Amino acid sequence: MNKADILIIGSGPAGHIAAEVAGDSGLSVYLFEKDKLGGVCLNYGCIPTKTLLNSAKIIRQFQDSDKYGIDVEGYIQLNHEEVIKRKDKVVRRMTLGLEATLRDKATIIKGEAKILPKEDEEFVVEANGEKYYGKYLFIATGSDSIIPPIEGLKEAVEKGFAITSKEALELEEVPENLVIVGAGVIGLELADYYSAAGSKVTVIEKLDKVLPSLEEEVASILRKSLEKKGIKIHLASTVTKIGEKEVHFIKREEDRTVEADKVLVAVGRKGATKGFGLENLSIEMNGSFIKTDEYLRTSENGVFAIGDVNGKSLLAHAAQRQAISAVKNLTEDADKVSSNSVPSVVYTTPAVASVGYTLEQALEADIDAKEVKLSLLYSGRYVAENIELTGICKIVYDRTNRCLIGAHIVGSYSSEIIAILASFIDLKTDVKDIEKIVFPHPTVGEVIHDAVATIAQKIAKHEKILASATSNGDGQES
Ligand code: NAI
């Protein structure tokens with residue numbers, strides 16, 4: 001009989017990390033995967049996109065080479081076919097690494113898993129005609145692209161004229177005219193790549209800003225930078241119809257049409273909860289996602305939902321953290337994931353990285369919040385390495401508790417330095433302690449130190465005013 005402690009459905013960042021951690025803790029695991037090991041992130045998401053965007057960044061540096069004092073002779077162009085080949089190589093290498101990591105920790109079952117009704121208090125999953133039994137069940141099936149109800153879109157998807165991010169990472173040819181619906185993370189990252197690859201890119205966004213979940217000024221700096229590269233962005237625009245070779249939309253009450261060779265739909269993702277027997281359990285839903293509590297438990301005892309499928313945060317690193325937490329919740333003390341210190345990154349050039357509250361959100365939450373904004377021009381390395389000098393770093397802090405609660409950066413290295421800000425936020429480190437840390441010079445990260453020094457001064461001044469107001473019996477700050 002095929003029996004294990006945990007049955008895990010889905011091998012993306014949530015599923016494979018859960019398998020690894022459970023295996024390390026001495027638990028037996030069956031890990032089911034119907035497609036490729038590593039899930040969307042490794043095969044059709046994070047890693048392929050980053051490979052493509054790296055080529056985009058390199059060709060843009062070549063195009064600007066004279067400004068860096070380098071003469072390049074001849075015609076420079078991005079070879080999309082070779083970029084895709086390299087992307088496949090990168091993915092293969094990562095998949096092999098993952099297979100090796102899991103070798104002694106879990107039994108991988110390559111096949112479509114289907115949940116059957118419980119038998120004798122055990123969970124039952126069927127795959128490739130065999131039954132597997134487990135004490136616990138982890139659902140880590142991820143998410144799927146949303147296809148909104150726009151006239152002609154369903155037919156356009158069937159014909160391959162409209163595509164999702166998955167197909168956009170596999171296109172054999174660079175479309176002459178690429179129309180992207182949605183100026184979210186996927187829309188803008190792929191706009192950046194295809195524009196560098198030679199497409200005429202048009203992005204249509206229904207809201208009046210790009211990256212609506214991000215800090216407004218930071219998102220707007222990125223928008224201007226993408227527009228400078230020739231990407232046309234229509235905000236506050238409603239797509240009304242996908243035609244044979246064009247997209248129709250309304251902007252400022254005016255009907256407009258834009259020519260398209262491909263249409264990329266990037267308007268968000270929904271939980272992948274259909275077609276694998278979820279109805280055989282008693283699982284409560286939250287829209288298209290599986291409802292979980294703060295310990296990742298679903299409404300059915302013994303079933304956990306981790307990663308995109310629970311809709312808490314559609315980010316691979318959040319999924320990994322949830323996987324660790326869920327396994328710990330089986331074996332040790334309860335482990336909660338702190339959602340306010342999960343950073344997010346948009347890997348465009350310039351990159352945008354953010355974590356925690358924006359000033360607006362913090363004030364809405366009744367926090368005694370203030371913000372310090374510094375230009376990345378404070379960093380010698382940033383100035384030395386960049387032509388476009390628009391980068392900024394905004395840090396939101398809690399004046400009462402003397403700690404950082406949010407950070408929003410646009411500019412080079414932001415994707416790497418955001419981790420240190422996430423740590424300070426998570427650990428609620430006192431700004432006076434951060435001030436004592438020595439940052440390497442010259443680095444872009446030094447800006448964090450400069451910003452925190454300013455914050456420490458402002459807090460000290462504020463505390464002095466409060467103290468003197470208390471001793472004078474008046475509460476006014478000058
Ligand atoms: P998203 O939620 O980031 O953006 C969707 C955008 O489409 C929004 O700006 C929304 O206002 C717009 N929109 C919605 N309906 C529309 C319509 N009918 N017409 C025009 N615009 C419309 O979703 P996206 O970009 O599809 O990404 C999905 C998820 O994947 C996100 O939650 C994201 O965090 C995650 N992801 C993360 C990445 C990263 O960390 N670098 C990379 C790619 C995806």
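Author: Buried means under 20% relative accessible area, exposed over 50%, and partly exposed in between, with a 1.4 Å probe and protein chains only. This is a predicted model, in which local features need pLDDT of at least 70 and side-chain atom pairs count only at pLDDT 80 or more, while totals for chains, interfaces and linings use all residues. Residues are numbered from 1 along each chain as its sequence is written, and side-chain values use heavy atoms, with hydrogens and water left out.

Reader: Is Thr443 buried or exposed?

Author: Thr443 is found in the loop between α13 (431-435) and α14 (446-472); helices here are DSSP runs of H or I with at least four residues, strands runs of E with at least two, numbered from the N terminus. Not counting residues up to four places away in sequence, Thr443 touches Ser379 and Arg381, contact being heavy atoms within 4.5 Å. With a relative accessible area of 18%, Thr443 is buried.

Reader: How many disulfides does a search of the whole structure find?

Author: A disulfide is a pair of cysteine sulfur atoms within 2.5 Å. The search of the whole structure gives a count of 0.

Reader: Which cysteine sulfur is nearest to that of Cys393?

Author: Cys393 is buried, at a relative accessible area of 1%. Cys393 is in no disulfide, and the nearest cysteine sulfur, 16 Å away, is that of Cys403.
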